[in-house]
Amino acid sequence: KLHSDLDKGVGTVKYTLSGDGAGTVFTIDETTGDIHAIRSLDREEKPFYTLRAQAVDVDTKKPLEPESEFIIKVQDINDNEPKFLDGPYVASVPEMSPVGAYVLQVKATDADDPTYGNSARVVYSILQGQPYFSIDPKTGVIRTALPNMDREVKEQYQVLIQAKDMGGQLGGLAGTTTVNITLTDVNDNPPRFPKSIFHLKVPETSHVGSAIGRIRAVDPDFGKNAEIEYNIVPGDGGNLFDITTDEYTQEGVIKLKKPLDFETKKAYTFKVEASNLHLDHRFHSVGPFKDTATVKINVLDMDEPPVFSKPMYTMEVYEDTPVGTIIGAVTAQDLDAGSSSVRYFMDWKNDVDSYFTIDATEGTIATNELLDRESTAQYNFSIIASKVSNPLLTSKVNVIINVLDVNEFPPEISVPYETSVCENAKPGQVIQTITAADKDLSPAGQRFSFKLSSEASNKPNFTVHDYRNNTAGIETRRHGYSRRQQELYFLPIVIEDSSYPVQSSTNTLTIRVCRCDSDGTIQSCNVEAIFLPVGLSTGALIAILLCIVILL
């Protein structure tokens with residue numbers, strides 16, 4: 001209500017209102033000065049209004065007093081409920097957490113005036129979610145309320161939170177939100193085999209490295225806490241197998257390390273241990289985080305090809321061996337329970353294979369043509385063995401035949417020698433060292449022997465000294481040699497080898513007599529020089545011949 005001291009109540013004063021909300025929110029009675037609100041007010045929309053009022057004369061329209069300003073403040077009432085602006089919430093907490101473990105803090109906002117009354121004082125409570133969780137009524141912090149909550153029993157929880165103003169008193173307004181809480185996994189469960197014995201059937205023809213079966217231990221944990229490592233416990237039967245973990249299914253994949261043979265062993269038994277890779281020390285008291293199961297493997301008998309007694313056969317035969325001579329045999333057996341007979345045949349690939357034949361029943365190998373080591377020293381071919389009961393089941397083995405040398409060729413002097421002897425040679429002087437060669441394939445340790453032929457032994461001009469290392473020396477046997485008497489000597493040398501049968505040859509060594517100086521250096525071996533007087537030069541000889549002509 002506005003009132004001027006100049007207003008005597010006779011209707012001569014008029015009141016006017018201007019400013020914030022004048023005419024739209026507030027109106028004034030021009031005669032009495034009463035101010036009325038013409039619509040509902042909302043403090044949260046506008047908490048106060050600034051207005052100006054003035055009293056004017058009705059007749060003259062002139063102000064009776066200066067304009068005055070005043071403020072209308074909107075008084076708050078509890079007309080807004082608390083709101084969770086960030087809801088709904090999602091939170092997580094590890095399973096098996098102790099009581100009071102922090103989960104999440106929620107916050108509700110009340111638009112009412114916090115400075116006036118209890119309209120904005122919020123109190124939190126749980127409407128749904130007890131007895132698993134609790135909330136601090138003042139701070140809104142949610143904590144676990146039960147110990148040992150197990151994810152494997154229940155993983156998801158939906159908690160309904162209420163925020164109520166007026167301090168939670170009767171008549172207060174309330175707002176709610178949901179909090180979805182997930183229990184995260186910890187490794188609190190060891191792996192366990194669902195049964196104590198696993199039975200597997202494996203064909204004996206399974207390849208090494210192939211997977212022959214799977215077993216699985218169950219771990220109710222999740223993620224890396226459920227990762228399992230499998231190991232074969234050392235003991236009987238386990239050395240033929242290996243086990244790995246399938247990283248997608250966490251199954252134990254059993255693989256073959258060595259070949260199986262039904263005829264040798266029909267069953268294997270071993271133990272497999274499953275254990276967690278990532279352990280949590282807080283749960284060691286629960287017990288060992290591993291389990292053991294027995295695996296029994298039955299080997300299935302399969303129809304297999306025959307097996308040769310050796311992985312490869314090596315045989316030897318002398319060249320020129322008569323056709324049809326047996327040089328060896330191969331042997332293959334059917335190791336299956338039925339024990340079928342075996343047939344042999346050559347694996348024809350080229351014409352070389354025609355040099356030999358094989359007996360289809362006995363497996364004996366014989367020559368089919370004459371062999372020559374100097375032409376082909378080694379033959380390499382394959383023999384195939386098949387089962388009579390199932391000819392499609394075959395196996396193959398490699399056969400190597402080495403052709404042995406027969407001593408056909410005598411040794412000979414390896415190179416032609418140009419041998420000379422000085423006229424002034426002394427007895428026992430070595431004038432030449434000779435070696436020999438043999439066309440045959442000389443076995444290790446073969447030696448050649450050297451000697452003079454029987455007819456040369458009666459003429460002691462030269463002799464042969466055998467050094468016993470496949471070389472020999474030619475030595476002089478007398479004092480001096482005369483070119484005038486004999487210019488050339490022919491020395492027959494007999495060379496023998498040590499193979500069987502012994503082969504020998506007589507080789508003639510030509511020895512030329514030469515004129516040498518006192519040091520043994522050859523000066524001349526020419527035939528014309530034999531008749532020239534020793535010590536005369538060519539000029540002296542011409543002078544002598546000229547004198548003879550004059551005398552004639």
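A: A charge sits over a ring if NZ of Lys or CZ of Arg is within 6 Å of the ring centre and within 35 degrees of the ring normal. The model is predicted, so local features need pLDDT of at least 70 and side-chain atom pairs count only at pLDDT 80 or more, while totals for chains, interfaces and linings use all residues. Residues are numbered from 1 along each chain as its sequence is written, and side-chain values use heavy atoms, with hydrogens and water left out.

Start with the charges. K46 sits over the face of Y49, 5.5 Å from the ring centre.

Next come rings paired with rings. Rings of Phe, Tyr and Trp (its six-membered ring) pair if their centres lie within 6.5 Å; planes under 30 degrees apart are stacked, over 60 edge-to-face, and the rest tilted. The count is 15 aromatic pairs. One of them is F241 with F270: the centres are 5.2 Å apart and the planes meet at 25°, so this pair is stacked. It links distant parts of the chain, 29 residues apart. F241 is in strand β16 (residues 241-245), and F270 is in strand β18 (residues 267-276). Strands (E, at least two residues) and helices (H or I, at least four) are DSSP runs, numbered from the N terminus.

Are F241 and F270 buried or exposed? Both are buried. Buried means under 20% relative accessible area, exposed over 50%, and partly exposed in between (1.4 Å probe, protein chains only).

F462 and Y481 also form a stacked pair, with 5.2 Å from centre to centre and 5° between the planes. F462 belongs to strand β33 (residues 462-466). Y481 lies in the loop between β34 (471-476) and β35 (488-496), so the pair ties together parts 19 residues apart in sequence. F462 has 3% relative accessibility, so it counts as buried. Y481 is buried too, at 4%. Elsewhere, ring pairs join Y355, F356, Y379 and F381 into a cluster.

Now the sulfur links. A disulfide is a pair of cysteine sulfur atoms within 2.5 Å. The count is two disulfides.

One joins C422 to C516, S to S 2.1 Å. The torsion about its S-S bond is -80°, and the link of C422 and C516 is left-handed. It connects distant parts of the chain, 94 residues apart: C422 in strand β30 (residues 419-422) and C516 in strand β36 (residues 504-516). C422 is buried at 9% relative accessibility. C516 is buried as well, with a relative accessible area of 12%.

Another joins C514 and C525, with sulfur atoms 1.6 Å apart. The torsion about the S-S bond of C514 and C525 is about 110°, so this disulfide is right-handed. C514 lies in strand β36, and C525 in the loop between β37 (522-524) and α2 (538-551), so the pair ties together parts 11 residues apart in sequence. C514 is buried, with a relative accessible area of 0%. C525 is partly exposed at 23% relative accessibility.

How are the bonded cysteines paired in sequence order? The pairing is 1-3, 2-4. As for C547, its relative accessible area is 46%, so it is partly exposed.
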